[in-house]
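Open the model in your viewer and keep the selection tool at hand. This tour moves from one selection to the next and says what is there.

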Amino acid sequence: MIESNDEYVLEINNLCLSYFVRAGEIPAVVDFSCTLKAGESIGLVGESGCGKSTVALGIMNYMGNNGGIVGGSIKFKGRDMVALNEEELRHIRGSEISMIYQEPMVALNPSLTLGSQLMEVLIVHEGVSQAEARKRSIQMLDDVKLPDAERVMNAYPHQISGGQQQRVVIAMALLSSPALLLLDEPTTALDVTVEAGIVELIAELSKKYGTALLYISHNLGLMLEVCDRICVMYSGEVVEEGSIDSIFTWPKHPYTHGLFGCIPLPHADKNARPLTAITGQLPLPHERPPGCNFGPRCSFFKEGLCDGDDPHMEEVTTDNDPVHRVRCYRWNEVDTSVAMSAGIGKDAAEIGETVLEIDNMKKYYEVQDTSMGALFSGGMTKYVKANESINFTAKRGQTVGIVGESGCGKSTFAKVLMGLETATSGEVRLAGTNIGDLPVKTRTPKQLGSLQMVFQNPNDTLNPSITIGSAISRVITKFGVESDPEKVYERVMQLLDIVKLPRDFYIRRPRQLSGGQKQRVGIARAFAGNPAMVIADEPISALDVSVAAAVTELLMDIQREHKTTLLFISHDLSAVRYLADRIVVMYLGQIMERGTTDEVFSPPYHPYTEALLSAVPIADPEIEKRHIVLEGNLPSVLDPPRGCPFCTRCPSRIGEICDDVPPAVQIDGESHAIACHIPLEELRKAEPVVKVPSDLQKKRSLLAKEARAKVMAAEAAAAEAAAAEAKAKAAAAAAAVAEARVDAVPVDKEPG
Amino acid sequence: MTKTKMDHEKQGRVHPRVADLKNQFVKGQLDRREFLRTTTLLGLSAAAAYTFADTFDVELPSLISSAEAATPKKGGILRCGMQVQDMSDPAVYDWVEKSNVTRQMCEYLTITGPDNVTRPMLAEKWVPSDDLKTWTFHIRKGVMFGNGDELTADDVVVNIKRWLDPNVGSSMVGMLNTMLDEVDGKDKDGKAIKVKRMIEGSVEKVDDHTVRIHLKSPDLSIPEKMYHYPAAILHRSFAEKGANITKTPDLGTGPYTLTEYRVGEIAILKRRGGGFKYWGDDPLLDEIHYIDTGQDAAAGLAALASGQVDAIYTLDLTLLGAAQNMPGVTVHEVTTAQTGCMRIQGERAPYNDIRVRQAMQLAADNEQMLKTAHQGRGQVAENHHVCACQPDYAPLPKIARNVGKAKQLLADAGHGGGLNITCNVGNTNGQWETDQVVVLKQNLAEAGINLNVNVMPAAQYWDVWDKADFSLTVWTHRPLGTMLLGVAYRTGVPWNEAKYSSKEFDDLLTQAESTVDIDKRHKIMAKVEKRLQDDAIMIQPYFRSVMNATSDKVKGIGVHPTNYHQWNKVWIDS
Amino acid sequence: MLIMISKRIGFMILTMLVVSMLLFMLLEFSPGNVATKVLGPYSSEEARQLWLERHGYFEPLWWRYGTWLGNFVSGEFGDSVRFRVPVSEVLWPRLWNTAILGFWTFAIMIPLSLILGVLAGMREGSRLDRVISVGSIITTSVPEFASTVLLSAIFVFGLKWLPGTSSMTSGFDVKQMILPVMVLIIYDFGYVARMTRASMAEVMTTHYIRTAVLKGLPYKQVILKHALRNALIAPFTVIMLQINWLLSGVIVVEFFFAYKGFGALLLEASLNQDIFVIEACAMVAVFVAVASQTIADIGYTYLNPRIRFS
Amino acid sequence: MSNIVETVTPAPTLGFAFIRAIKSFALLRESTPGMVGAGLVLFWVIVAILAPLIAPFDPLATLQPMAKPGTEFVKGGTFWLGTDHLGRDILSRIIFGSQTVLFYAPLATVFAYTLGILMGLAAGYHLGWWDIVLSRISDIILSFPVLVLYIIIIATIGSSGINIIIAITFASAPGIMRIVRGLVLDLRNREYVAAAQTRGESSLYIMLVEILPNARGPLIVDACLRLGYVIITIGVLGFLGLGLPPPDPDWGGMINETRKMAMIFPHMTIFPCIAISSLILGFNLLADGLREVSLRD
């Protein structure tokens, strides 16, 4: 038990939070304890639905109409938040505890100016004058590095970009210099390069103001960069808590360990060391198993033990971490550190003939400009250059990753390939036939079947009113693979087997499936027509890491087996690096860099690739990374820069040539191409962004073993000591009880 | 009245038939009302006729619903809820409401009271020739138009000519058929057709205050026809001045003038001012306001209930119960020759087979229609459109309802398997019209005829009223059966909605119109009625009572069978 | 903004043009009927032909339409068949009367429904919310014709408190106004209240309200400053559309209470097939509808900075 | 396994849709107003179906005019709700009137929906000219005050059951089109639609199989509201004398025929008023309940 202590800003003991619905009470968070000192930052990490956001709202004692705190205590600076009334809470909210939200756009009132939303914090809590509030708000906007604070004050939320909005939300949260800042996935909705800036800003500001941070995220890599300690949550409970070092070196809970296995770290390799997914699914809050919630998914599950009483947090403190606790009966019996490099090696797919050739493909959209100026100048029609001069090839069995942030044109590109749009110019040759100007309706069933797609959003990829069986059957008959109902049925069953889904899913509806299962059906559907090439448009970005790993692996396996060409579109550089053979980096509709994975991930870099690499958080403390934070916003696709599209944000901009002249493509080696004005020689001089120690694995397992040995020894010693202490304590306790009785008398003199 | 009496005494000559009539009356062959009516028509003054009749008949008929005990008071405003319709030329009026507004400012040569007795008005007397073919009207002297001009024979001649001018389109054409001749004309395509034109010289100005009209054939009801609502006497310049009485209210001789007129809203009549001197007794009311309470009859009663109006034009049957239960409201009722006539055009299939029409008549239960659709208020009729309340009515043998025979007739006509027909109804007068058709539907169903009830908006109904095969049209009251038959069933008259064409009927009707002898006339009328009945061109189930309701403070008011407003003696007791 | 307004107005004009064309075709397709209507059923064929010729009915259709439209734009709507006066003489006073009726209806209904809607939506699922929601569904479910009958049975014939007709022949009378306004409010307030409630309830679940609460703002300020501003955008549009609704909603009420308004005029014109009045009324109605829609759009834009500054 | 094959069909059939509809209605249990609404509607549906069995008299027979509620009829039976001015039993007329209203209103709604859905699908899915033309047409129709439109249509083409259905279809389809179009605009961007497109499905297939079934939730709610509104419309037309031709019982017509007598014989008017209001209330509550449930889902 944690002793009550004044140095803690926040002290949570055995907190239980529940929602009350028609069906009854749904426990969202069970037995949550943690402490936070001033200036300290703690991370809450876990997959969706584990209750981490609920904790944040619970701390604010804001549970909505149907939620409530059902047990435990929350002490903020020694005051019990549970016992406070609305008015007292109001004085703490926004002034002593502030919150930063996942989606800044919806967190800001769309019909009030940012200025008034900022100023009211000061006016309400500190009672300052309008002018004073305004002055301090502007100052704070400067602090969060928003340029042109005056303009922002008068602007409405929609008039600034997402990154800027988040800076405003941060400014709003910090205006009253709170002692505690709750951050609920503050960067998840942002592009990775923007995220990097925000993360840096938060770290900086918390230092400057000495604010304690409670940082909520699903991203372990991010935690590493911003937190001192982390709590790993699973299904409403904290399963492990400890310092960054301790947890990243030796995760003691099988779930934490499993999470690491799912993250494509730079040293992961899809063939040699594939990802290891956690089997099974997160249980629904009202369907939690008895005993350990993770039990059914745990490979160390032991009947009779793990499904018995609910496990409690156990202290497993080692010297490099004063407080490391884990909720597992068997943490010291299983050697999770060894399983780190699990995953059975697989044979790399053979690379065959060229399947897809993209030759100077362009896709422009016409946009009617309705501004007054355009009306008078006559230039009513503008072009959005969604894709400009796309060139690359993909071979049979190869995986090509297309990576870029939002608005880079990667989805448009997919649409052109699929025939949902036609190319404005240039050619897209699939097996030698130009299909760039062939809309989907004029393509033959064979062409259609040979080029299929896996979609992004699992909830959207299947028609909710059509059963899984019907959905897959339709594809089979449509592409002319089979027509006899019996054979179609057989084929569907095969496909379900291939994507590792039970056969009785045939009659299920999408509503009854989890996200990962839906995505598997999506994959089965894409492969039903024996495609030569599959385009996967961010197929895992909406999935939790544990599920994403499984889906990624599945995709890889099927691809390997069918020798399919895979075009993997993603914003997630780690994922792309993990599974792609070749990578295309896009920015504002143009290819910035392309080449094999190794070529792209080592110098010479395009400055954008460099920034992108640096921005991706890596969940490994041993890996060194250079920090490059991009300034500015992504330009509008409607009005891109004349010269290099990246010139507005490029940290290595060399002069006006970047603004005015589109850069030429410089070829480095056989297949590596970079579109930049900076000469290749210069670019080659760059240091690698990510440095993976060559003996990382060895070092890691050594470290872990060492720590483990220490713990064991400490345990043994502690056990002895504990035994001795227990005796002493028992005696002391007996005395204390006797004393307490005496003390208790006056208190209890009026019973009832 | 006194003046009239004096005139009569001065006159000296009494129509030779009057003596016969007196004789018949004394013998009891002629009822009192018929005697009064006929003798006055023949020029005997009403007073004289009454005097004569009263010697034999002790009871005095009440001319108005109730003789008021209290002394009439002068002054006050009467507000009457009635549709304020579009009016311009009284000669082409097709609706009584219009004439009610103008009746207060334009007068007629004669006036027919609620007792069906016609008295002199602008014509102080009239003298028919013995053969009833020439009628001499003596125009009252000293009658002043609103514009100060005196009424002369010229005005009367101009008016009569206008009525008969085909370009004006007055329904008086049907009334004064005996002044018309068929001549060759051309239709719009230049084809030669017969058109009716006034016989040259049939209207004659004898002197400044005498007008004589010459008829082709005898017509007894000329004086009554002169009170038909389109027959208002207007100033001779009326047509030149735009033929719009609302714009030129001073072109009438009545005691009131129109000061405000908004169609669908209000018409305000005020006692004529300036140098105007009314020829008769000054009316009691200062002002008469016609307030339009819309097409919805309930709104009218609601207005009466809440004191927004003092009288309503007509009380819808559906509101009778409510009105009777309303304190401070009196309901007035009178039996009339008004009816909802469901006429059949016998030219088109399936009606071109007379057996179908007869079957319809036989299947129809006229009594039930009266009882159910009109709450029994009225008299059962016999499908020939002559009402027992009309003096020229001749009773016919009753024809009992006979569904079996109707079925037989239908089977004979080849409709044994059932017949599908449609009846149009416009509810131009009230819900009872639809109700009547609904009851008929039930009656006909028993004979295997399926009747579709096609209810249409009133205005739309008037677009098709004379065109459809089978529809229910509301006909208003006329003092004489022959008058109605003349406008509605004579071959080629504009309102002949049944498109009925029977030479025999036309001749008989003309004969009846010229027969003064009651017995003889009844015999002819029996033939006329029989002809209509046999030709089965209508199901005319009953003659309805009309009702209106007034506030108790309105005195001297009654209900005229034709809903004409004769309000010179009405006053407000406030 | 300016572009948007001019676009909306352009569209408005276009709609009016198309509607006018349709109306023209519909009502004047058979010129023979027009003449019959104008001259009456007893007119001679000759007179009808003459009338048609005099009024240009033998000209080509487009010419006639052009002339008609030209006249229409210059306020020359033709003569009413029934009233025999220029349509504008009847139309404008009637429209004014309906405007008065509409004004009182709105003046009472809008505050009432907004307040009830906000109160209900503020705490979704509360007892007050239930009462207001169910109450507004019930009132909305009683058709106007039913409530006119019931209310006049009670207040006119039962209690004798109120006059049964509202013809206003002797000038404006507040008492005559009560029943028609009451009927209109009863039927319509529920709709606006429910829209407001839905909008308010939705806003209350948004994240920016959560932000405002967690900023520590007083509840009153959260509601008045943060919630209402957003919650009233949708009802504003609905309220503007109610103007359009009112034009048809008044038909039953005006008919029943003999109120001399636009609705009754239109109804009578339709029943009497008074074509020039129908044409003018329909055009006015469409104008009001399109104009209120346009104002609603512009207002929506103005109220919603997301659109205003984009 | 083979029986699975039999139960599974490539596209959703009516049977499936029906079962699904039943299931979604089963969810209504969670909404009290929804249950009350469903109860009211169900009550009237049952009344309509059993009308010939439960009506004490022939609704068209003229028996005993203006009997007050509870009057015993000489030939046996009781006029529980009295009779109207033509002596027809009001209870029987209300019972049979439910047939009329539950025949015409749903039929008109179905027609309106068929047209509206087709228009909405075409406009929302194809966009471009389809959308511009169809949207403008519907804008124009919608810019007429709706009752004005009905009156002009009915006064022009006459009043009959078919014409009322035509008028309602004509006047409601644009509103439905807008809703459908809005839903389609959202649904057409779903990935399963893209998936169907990428396998070369015809537009018709995508519209009817991929998009339409998923728009059913809001459409069912709207249909309930619209049914209520159609009932009001039929009632208003009856009230203005433009409704269904007599003598078949039609609630609006009954009110119109008897309302003038309401002050003295209130039963003639009040009971049909209650009947029509309760049915409309039923549909409105049902819509409310369905919406509540669908939001919760």
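In which loop does A:N109 lie? Select the loop between α3 (104-107) and α4 (114-126) of chain A, and A:N109 is there. Helices here are DSSP runs of H or I with at least four residues, strands are runs of E with at least two, and both are numbered from the N terminus.

A word on the ground rules. This is a predicted model, in which local features need pLDDT of at least 70 and side-chain atom pairs count only at pLDDT 80 or more, while totals for chains, interfaces and linings use all residues. Residues are numbered from 1 along each chain as its sequence is written, chains are lettered from A and ligands numbered from 1 in the order in which they are written, and side-chain values use heavy atoms, with hydrogens and water left out.

**Stop 1: A:N109**

Stay on A:N109. It counts as buried because its relative accessibility is 0%. Buried means under 20% relative accessible area, exposed means over 50%, and partly exposed lies in between (1.4 Å probe, protein chains only).

Now show polar contacts: pairs of N or O atoms within 3.5 Å. Within protein, one atom must be able to donate a hydrogen and the other to accept it, and residues adjacent in sequence count only if both atoms are side-chain atoms. The side chain of A:N109 reaches the backbone nitrogen of A:S111 at 3.1 Å. Another polar contact, of 3.1 Å, links the side chains of A:N109 and C:H226.

Next, show its contacts (heavy atoms within 4.5 Å). Setting aside neighbours within four places in sequence, A:N109 touches A:Q117 and A:P157, along with C:Y208, C:K225, C:H226 and C:N230.

**Stop 2: chain C against chain A**

Select both sides of this interface. Chain C brings 25 residues to the contact and chain A brings 32. The two chains bury about 2600 Å² between them, 62% of it on carbon and sulfur atoms. Buried area is the accessible area (1.4 Å probe) that two parts lose on being put together, summed over both. In chain C, pick C:R210, C:L214 and C:K215: they lose the most area to chain A, together 26% of what that side buries.

How many salt bridges are there between chain C and chain A? There are two. A salt bridge puts a side-chain nitrogen of Lys or Arg within 4 Å of a carboxyl oxygen of Asp or Glu. Zoom in on A:E120 and C:K225, whose side chains form a salt bridge (2.9 Å, N to O). Color α1 (2-28), α9 (207-214), α10 (219-231) and α14 (305-308) of chain C: each supplies at least two residues of the side that touches chain A. The largest share, six residues, comes from α9(C).

**Stop 3: chain C against chain D**

Turn to chain D. Here 39 residues of chain C are in contact with 37 residues of chain D. The buried area is about 3300 Å², and carbon and sulfur atoms give 79% of it. Look for one salt bridge across this interface. It joins the side chains of D:D288 and C:R194 (3.1 Å, N to O). The most, seven residues, come from α11(C).

**Stop 4: a patch on chain C**

Show the surface of chain C. Select C:F103, C:W104, C:I108, C:F172, C:V174 and C:I178, which form a nonpolar patch with about 580 Å² of accessible area together. α5 (87-122) and α8 (174-204) of chain C each give two or more residues to the patch. The most, three residues, come from α5(C). C:F172 sits in the loop between α7 (144-158) and α8 of chain C. It counts as partly exposed because its relative accessibility is 45%.

Patch residues have over 30% relative accessible area and no salt bridge; like charges are joined within 9 Å, and nonpolar side chains (Val, Leu, Ile, Met, Phe, Trp, Tyr) within 5 Å. Accessible areas come from the Shrake-Rupley method with a 1.4 Å probe; for residues, only the protein chains shown count as cover.

**Last stop: all of chain C**

Zoom out. Chain C has 14 helices and zero strands. Of its 310 residues, 58% count as buried.
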